[in-house]
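Subject: Model for your review

Hello,

Here is the structure I said I would pass on. Please look it over alongside the notes that follow.

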Amino acid sequence: MIIKNITPMGYGMMFLSVDFFLENIKQNSIRSSKLLSYFNKNMDVYFDFISRGVIVPFNRIVCSDTPLYIKTSDCEYELPLGYELVFKYDGFCIEVGKNSLISLMSFSSMDDKNIVKKGLTHQNHFTFDNKEYWTAIDFEIPSGKWFFNMYGLRKKELTSEEKHYDQGYAYGFHFYQSNELSNHNLEKCDDDKFDFSLSKNRRL
């Protein structure tokens with residue numbers, strides 16, 4: 001199990017494989033340095049990238065500093081000790097490039113092409129009250145087509161502070177490969193149908 005932490009900045013976050021993503025940026029002759037702004041103005045390209053597994057975005061994310069529990073094998077995903085399931089969405093698809101690396105980036109990081117180009121997510125952090133918060137993370141995974149499930153989790157036992165501030169949540173991601181599944185990202189990433197946020201006030 002890979003364990004990371006992320007603080008989504010902006011209004012969401014997305015998975016991408018930096019080298020494969022940049023190949024597609026070049027193929028589409030995208031010169032804008034503010035990639036998220038470009039996608040907002042060119043929704044046909046945005047939807048094309050989603051449909052081909054170049055990016056997998058999660059909109060309307062409402063959460064603070066959040067643990068991530070990531071598994072990259074065909075074995076069954078087991079919930080982290082002490083957590084219970086809030087929601088599960090399955091069958092997302094992503095293409096991993098030759099560098100064998102996946103990044104999960106806050107939308108705020110996508111408006112600086114230099115950050116994406118470098119792929120150095122360890123630099124994507126800020127400090128508040130002497131604590132570091134990460135707006136993007138990455139982890140190694142073999143190149144090729146991968147499917148993954150997304151789990152919304154919450155601690156079974158919450159402290160009084162976690163109850164008061166609606167905290168104690170985490171995300172789980174289970175990556176696996178399959179020759180039987182196909183890409184339905186456009187449907188699965190539709191935030192009008194699915195609520196990816198971690199909050200007691202979830203919309204759906």
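Two strands are said to pair if DSSP finds at least two bridges between them. By that rule, strand β2 (residues 12-16) pairs with strand β6 (residues 101-106) over four bridges, in the antiparallel sense. Within this pair, M14 has M105 of β6 as its bridge partner. Please keep in mind that this is a predicted model.

The two strands belong to an open sheet of four, ordered β3-β2-β6-β9, with antiparallel pairing. At its edges are β3 (55-59) and β9 (136-140), each of which pairs on one side only. From one strand to the next, the twist averages 15°.

There is also an open sheet of five strands, in the order β1-β4-β11-β10-β5, and its pairing is mixed. The edge strands here are β1 (2-6) and β5 (83-96); each has a single partner strand, so one side of each is left without a neighbour in the sheet. Neighbouring strands in this sheet are turned by 20° against each other on average, direction ignored. The pairing of β1 with strand β4 (residues 66-72) is antiparallel and runs over five bridges. In that pairing N5 stands opposite P67 in β4.

D190 sits in the segment after α6 (185-188). Is D190 buried, exposed or partly exposed? With a relative accessible area of 23%, D190 is partly exposed, because buried means under 20% and exposed over 50%. A polar atom of the D190 side chain lies 2.9 Å from the backbone nitrogen of D192. D190 and P57 are 133 residues apart in sequence, and their C-alpha atoms are 9.3 Å apart in space.

Regards

Conventions. Residues are numbered from 1 along each chain as its sequence is written. This is a predicted model: local features need pLDDT of at least 70, side-chain atom pairs count only at pLDDT 80 or more; totals for chains, interfaces and linings use all residues. Side-chain values use heavy atoms; hydrogens and water are left out. Buried means under 20% relative accessible area, exposed over 50%, partly exposed in between (1.4 Å probe, protein chains only). A polar contact is a pair of N or O atoms within 3.5 Å; within protein, one must be able to donate a hydrogen and the other to accept it, and residues adjacent in sequence count only if both atoms are side-chain atoms. Axes are lines fitted to C-alpha atoms, for helices over the stretch in contact, and angles run from 0 to 180 degrees between N-to-C directions.
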